[in-house]
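Morning. I have one chain to go through today, and I will keep it brief.

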Amino acid sequence: MSNLISINLDEDEVKKICYEKITELVKEVDNELIFWDSKQLMRRTCLSWNSIQALFFFDSRFPKHKVGGKWLFPAKETHEFLEQWLREQK
């Protein structure tokens, strides 16, 4: 004899739960990074290094530190700067 189980799921509720969990995991990963390097900055802004330099790299508000020969950017402060900078663009 075969036992069958039938399960009914609310598709919208499943999507909502999945979205909330994905959002939570993305925030967790973002919070793990203390700083970004130039490759991470380019990836997160979708801009080339030349564009970054032309647009905001030399803005005195832009948080950056040169360690040896490598530029490092504090993740939280850089994210906040980029959001503010973008709002200022016309």
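Accessible areas here come from the Shrake-Rupley method with a 1.4 Å probe, and for residues only the protein chains shown count as cover. On that basis the protein chain has an accessible surface of about 7600 Å², with 56% of it belonging to carbon and sulfur atoms.

This is a predicted model, where local features need pLDDT of at least 70, side-chain atom pairs count only at pLDDT 80 or more, and totals for chains, interfaces and linings use all residues. Residues are numbered from 1 along each chain as its sequence is written, and side-chain values use heavy atoms, leaving out hydrogens and water.

Overall dimensions next. The radius of gyration, over C-alpha atoms, is 21 Å, whereas a compact globule of 90 residues would be near 12 Å (the rule is 2.2 Å times the number of residues to the power 0.38). The C-alpha trace spans about 75 × 35 × 20 Å along its principal axes.

Secondary structure: DSSP runs give helices (H or I, at least four residues) and strands (E, at least two), numbered from the N terminus. The order is α-β-α-α-β-β-α, that is, four helices and three strands.

How much of the chain is buried, meaning under 20% relative accessible area (1.4 Å probe, protein chains only)? Buried residues are 20% of the 90.

Last, contacts, meaning heavy atoms within 4.5 Å. Of the contacts with a separation of 6 or more, 44% join residues 24 or more positions apart. Leaving aside residues up to four places away in sequence, F81 touches F56, D59, R61, F62 and P63.

Methods:
Buried means under 20% relative accessible area, exposed over 50%, partly exposed in between (1.4 Å probe, protein chains only).
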